[in-house]
Amino acid sequence: MALLLAILIALAVFATPGSGAGGHLIRYGFLYGLPLILMGLLLAQVRWALMAGVMYGTVGLALDISTAVQDLTKTDAGVEALLISGASGLMNFLLIVLGGRGFLDVGPAARPPESPRPNPLSPPGAGPAGP
């Protein structure tokens with residue numbers, strides 16, 4: 001997942017237009033800050049960061065789909081923007097799938113122990129002698 005987040009950061013570098021006057025703190029925080037924080041938490045093996053990655057991927061995928069639809073409906077939209085939205089959407093989808101699978105897979109350590117099997121019945125005549 002950390003690799004997918006790094007790819008998303010790289011795609012954001014190509015997709016982000018030049019900075020105008022005035023800061024875009026929220027947009028840059030979402031495109032660069034959150035993935036960097038999530039990467040650090042994932043590398044520190046914080047389990048809930050997997051679900052936070054799923055949430056980040058869900059929001060990112062929704063934004064990529066809306067951007068692709070907007071680019072398709074515009075007549076002057078470039079193919080480059082559509083390709084970047086498609087690649088970013090694919091990475092966000094993979095982030096959702098891998099993060100969800102990693103969060104839901106608890107592994108063998110968290111599974112309850114198996115109960116012992118019942119003792120097999122004794123063959124007839126092998127039991128204790130009765131009166």
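The expected span of a helix is taken as 1.5 Å times one less than its number of residues. In this predicted model, helix H1, which covers residues 2-15 and so counts 14 residues, reaches 20 Å from its first C-alpha to its last, close to the 20 Å expected on that basis. The chain as a whole holds four helices and zero strands, and its elements follow one another from the N terminus as α-α-α-α.

**The chain as a whole**

- Of the 131 residues in the chain, 25% are buried, while the accessible surface comes to about 9400 Å², with 70% of that surface belonging to carbon and sulfur atoms.
- When contacts between residues at least 6 apart in sequence are considered, 67% of them join residues that are at least 24 apart.

- The buried residues of H1 are Leu4, Leu5, Leu8, Ile9, Leu11 and Ala12, and because they cover an arc of only 165° around the axis, they lie on the same side of the helix.
- On the other side of H1, the residues Leu3, Val13 and Phe14 are exposed, where exposed stands for over 50% relative accessible area and buried for under 20%.

Notes:
Residues are numbered from 1 along each chain as its sequence is written. This is a predicted model: local features need pLDDT of at least 70, side-chain atom pairs count only at pLDDT 80 or more; totals for chains, interfaces and linings use all residues. Side-chain values use heavy atoms; hydrogens and water are left out. Helices (H or I, at least four residues) and strands (E, at least two) are DSSP runs, numbered from the N terminus. Buried means under 20% relative accessible area, exposed over 50%, partly exposed in between (1.4 Å probe, protein chains only). Contact means heavy atoms within 4.5 Å. Accessible areas come from the Shrake-Rupley method with a 1.4 Å probe; for residues, only the protein chains shown count as cover. The arc is that of the directions from the helix axis to the C-beta atoms.
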